[in-house]
Amino acid sequence: MTIARLASCLSIAALSAALPLSVAAQDTPSVAFVPQLIGIPYFNAMENGGNAAAEDLGMQFIYQGPVDANPLDQLQIVESLISRGVDAIAVSVLDASAIAPLVDSAASQDAILFTSDSDAADSGRPVYVAQATDEGLGFKLIDELVARVGDDATIGIVSGEATASNLNAWIGFMRDRVAAEYPGVTLLDPEFAGGTAERAAQLSTDLIAAHPDLDAIIAVASSTCPGVAQAIETSGKEIMGTGYCSPNTARAYLKSGAFGFTVLWDPYQLGYLTVWAGKQLIDGAGFAAENEVPTFDAPVTFDAETGILLLGEPFVFTAENVDDFDF
Amino acid sequence: MDDQSGVGRDLTLAAACVAAVFLFALLSPAFGTAGNAATVLRNGYELWLIALGMTLLMAMGAIDVSVGAVMGVTAILTGQALLADLPLGVVMLVGPAAGAMLGLCAGAVVVWGRIPAIVATLGLFGVFRMLIFLVLGGQWLSGLPADLTRVVDWRAAGVPAGLLIVALAYGAAWVFLRRTTYGPHLLAIGFDEDRARLMGLAVTRVRLATFAASGALCGLAGVFYIAIYRNVSMTIGADIALEAVAAVILGGTPIFGGRISLVGTVLGVLLLRILQNGLLLIGVPSLWQTVVTGALLLGVLSAEVVLRRARTGAA
Amino acid sequence: MAQLPALVDGVERLTDMMQAPPDAFVQARGIGKRFGALTALRDVDIDIRAGEVLALLGDNGAGKTTFVKVLAGAHVPSDGTLRIGGDTVRFASPRDAADHGVATIYQELALSENLKVAENIFLGHELVRPVLGVPFLDRAAMRARVRVLLGELDAHIPDIEAPVGSLSGGQRQAVAIARALNLDARLIIMDEPTAALAVAETRKVLNLTRRLAESGRAVVIVSHNIADVFEVADRMIVFRRGRKIAERKRAETDPDEIVALITGAHPDARVADQP
């Protein structure tokens with residue numbers, strides 16, 4: 001991990017140097033989005049949505065993030081964006097505890113820092129652009145899974161980085177739902193695979209060995225989906241895989257039957273909404289309880305108390321509908 | 001090459017493996033099954049191959065921290081060769097060939113750039129990672145056909161072909177080390193590179209060949225990766241360099257070179273994989289596994305220091 | 001008056017050179033070596049003959065080690081020519097030198113202590129049986145040859161499978177000399193062969209050195225130990241400040257003169273002290 005960190009520091013330095021330093025000098029307002037890591041289809045789709053919104057709304061959009069899910073690298077990128085004079089910066093937070101000081105330091109340099117995709121609730125950020133509520137995602141996945149494997153199932157969880165606050169929040173609500181609604185279900189403690197697919201596969205294989213009565217495995221981080229699916233296929237057992245997996249990542253496994261379904265939202269729309277929210281903040285326009293957003297079918301709700309701008313209901317992808325999506 | 005302390009280390013490691021197996025089997029009924037044993041071995045394939053190359057490099061006083069990225073690049077090439085429907089024999093050679101070339105690159109930078117191996121390969125790690133990013137274009141390479149999987153999991157008299165290939169690689173390395181001029185030359189360079197040069201050894205050639213061999217082994221690991229996981233993501237191999245170095249040091253090949261233990265590396269990898277598997281099976285959260293591995297490594301190294309002090313004190 | 005001995009010495013050198021047999025194994029002429037601005041060696045002429053032991057003496061940094069490294073192929077000289085066995089040579093590496101019959105036994109650096117006795121003796125020159133181009137070791141042949149070599153040197157090494165690091169200083173010197181003999185060296189250079197040896201072992205190594213010369217090889221020893229030098233060397237050359245300042249036959253000098261030359265007390269030494 002240390003090696004990856006050093007190498008990614010080098011590449012961050014190179015990237016920062018390569019990007020224009022004259023952002024502040026331009027007239028078009030600029031919005032940046034910092035994902036948890038670059039190079040996975042999920043955040044690529046957000047980038048595409050952000051670019052589309054920037055074009056529709058007349059903004060400049062900057063997309064920059066760490067090459068692995070490293071909180072320290074992410075903070076450095078946010079800091080460099082603030083000092084470069086970007087007007088609004090959205091972050092998919094890796095380490096919630098480290099964001100608060102940056103919100104203040106951004107404000108002192110006429111920049112607005114807000115969160116999108118993964119939140120830091122107590123950081124003083126003006127808005128969190130949520131793909132769905134953590135509660136909605138956690139509940140939806142458990143409800144759909146129990147409907148398929150029964151209310152006496154044993155369910156394993158494979159997550160990514162143990163510090164990713166969104167993943168942990170979803171796991172928390174899964175537990176709440178099981179405790180409240182399905183007393184017969186056994187939800188095992190989550191195993192953390194970090195960012196690598198091979199570790200996710202190894203952990204899943206071990207989970208299957210450790211629990212001969214396992215009925216399902218939930219891949220919480222998108223990076224763990226193929227590993228979980230591969231382990232289920234290799235085991236040859238009747239175990240249902242599921243998780244928060246993008247259609248492209250899960251397509252082969254949904255069709256092979258290793259995955260029964262996956263739950264997610266459309267990150268393209270989330271990226272679009274993020275840039276729209278950035279524009280509202282820069283313009284000082286704020287948010288109404290219900291907002292009309294260009295290209296969106298339904299109005300987008302805003303909860304003034306929690307500061308959450310909600311994309312909508314989570315979506316369930318299955319073998320039947322997966323080909324309608326490409327991210 | 002096999003002085004007393006080396007054999008002692010091998011025995012200690014073997015004892016640790018056996019003890020871990022008994023402990024885990026006692027604590028978890030799922031551990032001591034044939035299926036789980038096969039899983040532990042199967043999870044070790046890539047690490048065994050990469051650690052073998054790392055053992056040769058470290059015996060020579062070098063190191064290559066870019067091995068994970070080399071495995072990534074070669075895994076992508078193997079995956080694409082698979083998708084291009086090339087003959088399976090060709091698909092299996094693409095990775096080792098490309099890996100040997102990348103290893104040779106690393107060797108050339110170290111030898112002719114006169115840059116310490118850890119610094120040079122750290123830089124190459126970044127370069128290769130960027131290469132993976134550019135090739136993948138931010139997508140996963142997933143849903144690959146299972147042709148290689150069938151090769152690796154094919155069993156001859158109950159022994160998986162994957163394990164046989166790994167054993168063959170170690171056997172070939174053993175022959176080269178013990179039965180050809182390569183072994184003494186490698187260890188003389190590892191003991192003192194300048195002295196080896198004064199003694200008239202073709203130091204540059206041996207160093208380049210060793211980096212290339214390690215690269216080829218990483219390439220073979222890339223083939224295994226595709227066979228076992230059938231997908232490639234950006235983060236492929238992010239942690240495997242450190243795991244390999246840990247296994248090699250556990251096995252008794254010192255980080256400063258001059259000594260080598262292939263048996264030690266085999267056992268070091270086995271112990272790491274048994275611990276990872278067994279700890280999860282007895283219900284230790286996966287987060288703690290890295291702590292246990294780290295503690296083990298520190299324990300072994302400091303025990304060694306204490307023992308050496310005791311021995312020299314007694315002498 | 002002060003110039004007289006120098007003059008006499010000069011004449012002696014001239015006659016020496018005229019009388020020098022034309023087949024001196026090594027003929028070094030005008031050898032110089034600079035490292036950047038530093039001149040480590042300046043205009044050195046030396047003949048080394050087969051069958052004799054030549055001692056190189058001098059204070060630390062006087063240039064004797066630099067000269068040895070030029071002979072051994074570890075340094076490429078900046079000036080001058082080197083003829084070995086009648087051929088003008090230009091060594092790019094220690095391996096080149098070894099191929100011309102020059103073997104060097106560096107103090108403390110002669111062997112790879114992690115390897116076995118036989119491995120050290122043959123390192124870089126192993127006896128092999130190539131199979132498909134792979135140089136497989138002919139271990140039986142090497143073990144037999146090791147016994148012959150060590151027997152020839154009358155060296156007692158109980159376990160030739162032991163790593164050299166576990167041997168005594170004298171045993172290591174014997175292994176290093178066996179290595180030189182195995183390479184069929186015609187010039188053997190020994191850097192401080194008796195440093196850090198016990199008395200009995202020193203005796204053995206000096207006997208070995210004499211025996212090497214008597215077998216028709218040229219031997220060069222670099223040493224600080226005047227008593228050892230007088231016991232073993234036929235000729236002595238003193239270095240000072242990168243120059244050769246004196247050359248003496250053992251019969252024509254005594255330890256006091258040599259020490260005076262080394263320390264700069266001798267009038268001849270002043271040649272080197274001029275800018």
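Predicted model: local features only at pLDDT ≥ 70, side-chain atom pairs only at ≥ 80, totals over all residues.
Helices here are DSSP runs of at least four residues, whereas strands are DSSP runs of at least two.

View 1. Over residues 47-77 of chain B the chain is 77% helix and 0% strand, and the C-alpha atoms at its ends are 19 Å apart. Residues 89-111 of chain B, by comparison, are 100% helix and 0% strand, with end C-alpha atoms that lie 33 Å apart.

**View 2. The contact between chain A and chain B.** Here 36 residues from chain A meet 38 residues from chain B. On the side of chain A that touches chain B, the elements that each give two or more residues are the helices α1 (2-18), α2 (41-57), α7 (197-210), α8 (225-235) and α9 (247-256), together with the strand β7 (186-192). Of these, α7(A) gives the most, with nine residues.

**View 3. The contact between chain C and chain B.** In this view, 20 residues of chain C are in contact with 18 residues of chain B. On the side of chain C that touches chain B, two or more residues each come from the helix α3 (94-99) and the strand β8 (134-137) of chain C, and the largest share, four residues, belongs to β8(C). The residues on this side of chain C divide into 13 nonpolar, three polar and four charged.

Terms used: Residues numbered from 1 in each chain as written. Chains lettered and ligands numbered in written order. Contact = placed C-beta atoms within 7 Å. Nonpolar A, V, L, I, M, F, W, Y, C, P; charged D, E, K, R; others polar.
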